[in-house]
Amino acid sequence: MDNKMIERLIRSLGIGATYRGYRYLCYGVSLCLQDEEYLLSISKLLYPKIAKEFNTTLSSVERDIRTVIQVCWDRGNKKLLQEIALHPLCSRPTAGEFLDILVAYIQHNSGAAYAI
């Protein structure tokens, strides 16, 4: 999967590379695209894999991904998030929901011309 597509989508949501969680989220999405089992066990499989890759702690990964989701929800492109979710979001999505939204969107649009 093209990491540029992942980065472009995340940046389009208003999440910049100045957040540590940006790198974790990009890597996490790419892992989930390779193996959807990661989506079924965020805390037990995905976060430890990200923490190992970036030589950090599990709690740091969890906190920093929560932070970028909060940034997207409060100051980012909430309208785009609502559109790609394909269902109404009444409250800020959890990390698992957020990852699922991004992964599903990329999977659906990877064959087509990618436009945000």
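A charge is taken to sit over a ring if NZ of Lys or CZ of Arg is within 6 Å of the ring centre and within 35 degrees of the ring normal. Select Lys 78 and Trp 73 to see such a case: the charged end of Lys 78 sits over the ring of Trp 73, 4.0 Å from its centre.

The model is predicted, so local features need pLDDT of at least 70 and side-chain atom pairs count only at pLDDT 80 or more, while totals for chains, interfaces and linings use all residues. Residues are numbered from 1 along each chain as its sequence is written, and side-chain values use heavy atoms, with hydrogens and water left out.

Next, select the core. A nonpolar core is a set of buried Ala, Val, Leu, Ile, Met, Phe, Trp, Tyr and Cys residues joined through side-chain atoms within 4.5 Å; buried means under 20% relative accessible area, exposed over 50%, and partly exposed in between (1.4 Å probe, protein chains only). The largest such core has 40 residues, and Leu 25, Val 29, Phe 98 and Leu 102 have the most contacts inside it. At least two of its residues come from each of helices H1 (3–12), H2, H3 (37–40), H4, H5, H6 (78–85) and H7 (95–109). Helices (H or I, at least four residues) are DSSP runs, numbered from the N terminus.

Centre the view on Leu 25. Leaving aside neighbours within four places in sequence, Leu 25 is in contact (heavy atoms within 4.5 Å) with Ile 10, Ile 15, Ile 65, Val 68, Phe 98, Leu 99 and Leu 102.

Move to the aromatic residues Tyr 24, Tyr 27 and Phe 54, which ring pairs link into a cluster. Rings of Phe, Tyr and Trp (its six-membered ring) pair if their centres lie within 6.5 Å; planes under 30 degrees apart count as stacked, over 60 as edge-to-face and the rest as tilted. The structure holds 2 aromatic pairs. Tyr 27 and Phe 54 form an edge-to-face pair, 5.7 Å centre to centre with 85° between the planes. This pair links distant parts of the chain, 27 residues apart: Tyr 27 is in helix H2 (residues 20–34), and Phe 54 in the loop between helix H4 (42–53) and helix H5 (58–75). Phe 54 counts as partly exposed because its relative accessibility is 26%.

Finally, select Asp 64 in helix H5. Asp 64 counts as buried, at 8% relative accessibility. Not counting residues up to four places away in sequence, Asp 64 touches Arg 20, Gly 21 and Tyr 24.
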